[in-house]
Structure formats: C-alpha cells, structure tokens
Amino acid sequence: MSDNIFLKRLFQAYYQEKQKEIPAVSSLESREFGFIPWEKQIMIRHIGFESQKGLLSYLIDRGPKHVYSSGSLYLQPEAQHMENKQYQGCDFIVDIDVDHFYTPCKNKHDFWYCNNCEAKGTGMQEKCPKCEKSKITKLNWICDKCLDVAKNEIKKLVYDFLIPDFGTDEKDMRIAFSGHRGYHLKVESEELRKLNSDERREIVDYLTGENISFEVLGLREKSLMIHGLSKENIGWSQKIIKKIEEILCKPKTEIGNILLDKNIFGFNSNLVTSFLNYKNDFLELISKGEINVWAIEGFGLSNWKRFLRGIVKLIGIELDEPVSIDIHRLIRYPGSLHGKTGFKVQEIELNKLDDFNPLDEPDDKLDPIVFNSKNITQKLEIVERALPVTKIKGSKYGPYVQGEKIEVPHHVAVFLLCKEVAKTI
Amino acid sequence: MSVSTDLLKHYPWLPSLQIYYSNIASKDPTAFIEEAFLKYPNGELEHRISKIFKAAFNNLEEIKDYKADELNIYLYLIVKILLYVLNNKPISNRVANTYSKQIYKELIEENDDANLYDICKDLKIKFDFLDPPIEYGVNLNKEKREILKTSFKIYFTDYLKLAANLHDEYRKLLHNALSEGYVYVQKKDLIRLLQEHVRRKLIVEEIKDENNLEKFRKDLLKIREFKELYGNILNNWELKKEDFEYSFKIGYKEGSDISNNFPPCIQDILRRIQEGMNIVHTERLFLVFFLHALNYPTENIIEIFSNLPDFDRKKTKYQVEFAKKKEYTPHSCSTLKSLNICKAKESKDKICLEGYYSKKLDMQKKLSHPLFYIQLKQYRNSNKNKANKTKIEKENER
C-alpha cells in the first residue's frame, strides 16, 4: 500500500469517526467547495452541497488531501464559470501564514538547497545567493515560535484594528488555525460582503500600512525643520506615535538593537547613537504633543521617513494580501485535515486564542493533532536530505538525515508522511 | 424615510424620487419625454438641458442658472435618457463631471445641515450626525494649530464605496480618522463624496444590446423636440470632441522602440527609475496606466519597476496585472499638472507648451492628454519620413 493510500484511508476514517464534530459553515448551501485529492495535484472546484450531510458523505467517501470552501456566497455555487455562479457577496478573509514573512526561527528550521550550483543554507530564501538562480528547493518547517508569531499577528489584527478601528463585532469573527503555518480570520458581516476588490484593497492597506504617505499624515520639512506627526490625530498617526512611545520606553540597548535590525530599520551605528542621545527629549516632545518639531542630529527627512517606515512595519499586519482582496478565493474548511501535516483546521474562539497551542494543545476539543498516539509507533525512512528538529506534544524528534530509519509515534509519522519527507518501511 | 419634495426638486437624483414621482417611474420613457415637452412647451426644458451639455463640452465648472424647480426633475431624467441613447463614453463622462460639480456647489451652499442629513439617509448611507461636533485631530500645517472638529462620521464600508474611485492620497482609508467603524469627515469632504455618487449615477454603463438601443433611439427621435435637442448636442460635440478623444491605441511591437515619442512627464519618471531613484505612488500608477494603454507587455512593465529601491516582484506583478484588468486610463494633462507630474515647463517641450495646429478647427490647440502627445509625434515623424522619401525619390529621378 502506497503512503498516499495509507494517508487517504486515515483521513477517511477521521471523517467517518468525527463527522459530528465537523462544523457547518454559515450559508453552506451558497458556498463553492474545492478539493485536492491524494491521487494527483489538481483542484476539483465548482462543487456545491445542499446540506452538510452531502459534504460529510463526500469527505468520508473520498478522504481528500485538502478541503476548501469559498468566502463568497453564490446562488449557483456549482456553476462551472464564475459569471454563471451569481455572486452574492464575500466574507472578508485574512490569511496569516508565516511562509510570507520573516521569523528568526526560520534560520534554524527552514532549509534550502540550490538545484543549479548545489549551494545550501537555512532561513528564508527566494533565490540562490551564490548563483542567483531561482532553482532552489525549500523545506519549510514549523515550530511553536513561528506559530506564536502568527498568533500574535491575529491578536494584533483583532485588538489593534478590527475591534477599535473597524468596530467589528466579536460574533462576526471566525478564527481558525490553518493546520500548518498560520491562522485564518473571517469576518462575516453583510456590510463587508458587499465590498468589491478595490474597496477590500483599501482595508488591506489600512491593516498593513502599505501605501501610507507620511506627508499626508503631516510629516514635512519647513524652514530646515522637520515637522512630525501628532498623537491627537485619530488613526494611523496616533498608532505611530503610540508605537514610538512604546519603543522609547524600552532600555537603551534594546532600542539600539531594534534600530540596527536590518529587517526593520537598518540604521547604522552612528545614527543609532545619535538617536539614543536624544531619545528622552524626543519621548517628552511626542508625549506632550504641544509642538511637533522633530530634531535629532543626523535625521533629515529621508531618515525620519525610514524611521517611520520601520514603525509602520512593526504596527502593520503581516497578511497575505491577495487572499483578502480576491473575492473568489477558497479557504480551508474548518474541521477538515491539512494534507501537508495531517493536522486539523481548528476553529478557536477569541477568548481561547491566548492559551491555544497548536503543537501541544491540552484541550482535546481544540487539539489539531487528531492522530495523537503515545502507544502506537511507526517505522519510517527519511527521504529528504536533512530534517530539522520537530517538537510535537512536548517531545523532540530529529534532526534526521536522508536514509535514516526511525521509529516515531503515530501522529509524528503522519506529519512526516504528509510532509513527504519520509516513507513507511 | 423619504425626503421633502423641495429637496427632490433640488436634488432629483435622490432615491425618493421613485416614491414621489411614481407616476413618472411607471411610464414608458418615450411617453414620458413627449409629456415633458408638452408640459414645458416654451423651450425652457431644451434650453436648460443644452446648457448642461454646453457647460460640459466647454469644461465649465458650473451650470449657470441651476434651478431647484419641478422642471429640474424632468431635466435630470431627460439628461439620463439622452446619455443613454448617445452611448458615448466621453460625453457621458464630461456631463457627469459637470453636473456633479454643480451638485457639489449646491450642497456646499446649503445652510441647513438637516438637509445633508436627509440626503444621506435617503441614500441609505450609514452615518452619524454628531451634535455638538467632536474633535478628531489637529491640523499642524497651518500657521496656527487648528483643531479638527466635525459633525459627520460615515460607516467605513459606505465611505469606501463612495471614495474608492477618488484617487487622492488623502482620501485613502489609512490616511483618515477611523474609529469604531466610522470615518470622521469634514462637511466639505462628505459633500465631495456625494458629488462622486452623483457622477457615478450619470455614467452610462457599457450597453451590450445595440439593437435594443437602436430601436429605442429611433422611437425617441420621432419626438420633434427631442430630435432637435439630440442633433444640437451631437453638432456641438463634433466641434469639441477633438479636445477629449484620446482613447486611441498605439500598438506596441516587440523590438520596436517608441520611447523616443514619450512625453516629458513619462521620460522624466523613466529617467529617475533608471537612475535608481524612488518615485511616488501616483507616478507609479500613471506609468503603469500609460504603458498599459500602449499595450506594453506586463513583463516589460515589471522589468522597468525592478530598478526601484523598494522593488518587490510579487507585489509589482500583482498590481500591474490588476491595473491591466481594470483598464484604467492614464491621467490627463490637467491632472498631471495638479499632481506636479507635468514636466512641460522644465523640459521646455514645444508640443507640451504650444500644442498643435488643428486644421479642422483652424486654430492652435493645447494638448490635453499625454497619449495624444505620442500620436502627434508619430504623425509628425511619419510626415517627416514621407517628405524625406519623396526628396530621395526626386533626387534619384534626376
């Protein structure tokens, strides 16, 4: 039996056994469904179900590798062409996936190697730094640190933007762990459903800080003096000043490290020293807000803009823009299994988000690792060049190298098989 | 809720028109127009409608003698029907612009905020009227610190619907005061958004059923007054359209370089990109829209942007493709001037500064659009080539 058939049967068994626990999304009958089967890498789209019963039968019958439903509602979700579906509106969806942004832990667990020049390394890489070709193979891994970063982005999204700025009602928000490297948040409100892609782009810009103009917010040079932003201006100006205050209240060494960080500000040491010398005066000035002339030695308009861009980066949400803008996207169905991990797409209530730990969740009802087993083990052979340490359910597995034969608990075996980095022996 | 009839006479584009004038709404448009001309037999209706079109064709900022009377309701409806049967995008855009500007003026002159409140309610805009006005920020750009106060806040989805087509940077949601779902707006900004709503109401969507339109037009042209009005408008347009029609296509042929024919505004942006300098958002948009209008391959456009210091291939590709899909028109010369992108003076470019001589109108004309610049340059170059060719041929004959 091939590993894919084995995994398919496992998924079928899961859907059979847990069918009562799989939630029905709102307006299920108006949504389009999509599936990726185990047999080949194709998306089977344009499927509609009149009730959840039909969906569950499909899942039990076929045990697909990936299950998706649309954020959009249609009168004819099963129509083959978009123009015939009779679009009715689309939920606002935010996808936060650590694949798309930098986390320091990636330097430890994400590997790449170049298929052109054989160079290899760790961390996020789009092309080979040696031969500059894009022919690289990447192995992206997960750890509790990067999943925490993703969770923090969701918390920022909810508590810094959706509730205070957009007035989003908690009952309209649906949050889910994606089953792999991130979280989804869906806002189901009639008003948001009516927005077109252009209008959604405006919301995305607001959430990310993309396309912000500091000049429009008030930054300008006049008579050789820099006039900065004001905390009194509701919106992004206020967010920026509050963030600056927060940073300036940190110890000097910490501020220095943030300002030197190439992924955020990337200032040189001279500018950092100058900034730190003036930091108390600057903090007092922006906190009082009576005058807004920003004067720090070495900081002209361009350096202030660079500084503000860094601040915006710290405030903005690291979301996958096309997902929020595209009104015909499909997203993972809650309660379904992720074919690249074998983990469940787990819905989480906002008040339980803080304690939620996808790789070691104590609450059985919220645990995405559905094949958890302490007693059953499986023998595998590693087929990938090298694997980093995997920490699941409090235990560490690996690192492993190609050809290594291992015996691991069932849930770890399912994870490694879904990742296609090992085979059964 | 519906508004007063006086308000409807002043602003006949309000949804309540359908309630108060349900007798009109239920009528066949041909019968309605016949009746309208019978109701106003002294030519005033035709006169006032002509004024709107003339103002639009002459780029005027206002429609003189705009009156809030019952005739204004008939006038509005007939203008809408005319735009439909004319089925001409430049005309529709110009009339929509002029008419909506007049509405802006009328609304600005409203002394009673209650009218503005009624209008927003009638349009089903979710908003709050704040009494007393509340503070939401400060304006530090003025000599004296100015506290920003307003009585109006609009729900953000309605704000987005109204503002999405306005590309001014300061209208972007992230540059505005947003709190608990509402965007704080100054009265004049709210009115500007209403102006945009009116403008969009008058824009004629692409008509797919040409046969039906033709039949409808034929029926309407049987009405003498309508036929005269329609004919006059088209005659006026013939005299003016050269100023506005710049939606021609210049094909991009792989390997052939037409960049020498680019206007100085685009040349300047390209030069700065080549020099690795950053360009602002509006310049990026303009460049993309411009190159799309010339059918430049998307990949080539992305390559141009790859010189920018903050280049991100994935994002650029998405945005360039998005702009192509939306078929945005590049900015006109007047917009480029207001955005400080126009380089006519700095470059001392003769075509930009002096325009061209129109044989048809027997007069010197100013350039209105950068795409026109290319057409003109290509035309002149082809004439030059023809002249050179003839010269060589003549010399060979000798």
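1. Chain A first: this predicted model gives chain A 13 helices and 23 strands. Its C-alpha atoms fill a box of roughly 75 × 50 × 40 Å along the principal axes.

2. On overall packing, a compact globule of 425 residues would have a radius of gyration near 22 Å, and chain A comes out at 24 Å, so the two agree. As for burial, 39% of the 425 residues of chain A count as buried.

3. If you take its contacts with a separation of 6 or more, 65% of them are accounted for by residues 24 or more positions apart.

4. Chain B has its own make-up, with 20 helices and six strands. Of its 398 residues, 30% count as buried. Looking at contacts in chain B between residues at least 6 apart in sequence, you'll find that 72% join residues at least 24 apart.

5. Now for where the chains meet. Chain A puts 30 residues into the contact, and chain B puts in 25. On the chain B side, β1 (127-139), α9 (156-163) and β3 (178-179) each supply at least two of the residues that touch chain A. The largest share comes from α9(B), with four residues.

Conventions:
Residues are numbered from 1 along each chain as its sequence is written. Chains are lettered from A and ligands numbered from 1 in the order in which they are written. This is a predicted model: local features need pLDDT of at least 70, side-chain atom pairs count only at pLDDT 80 or more; totals for chains, interfaces and linings use all residues. The radius of gyration is taken over C-alpha atoms; the globule rule is 2.2 Å times the number of residues to the power 0.38. A residue is buried if 20 or more other C-beta atoms lie within 10 Å of its own, exposed if 12 or fewer, and partly exposed in between; C-beta atoms are placed from the backbone. Two residues are in contact if their C-beta atoms, placed from the backbone, lie within 7 Å.
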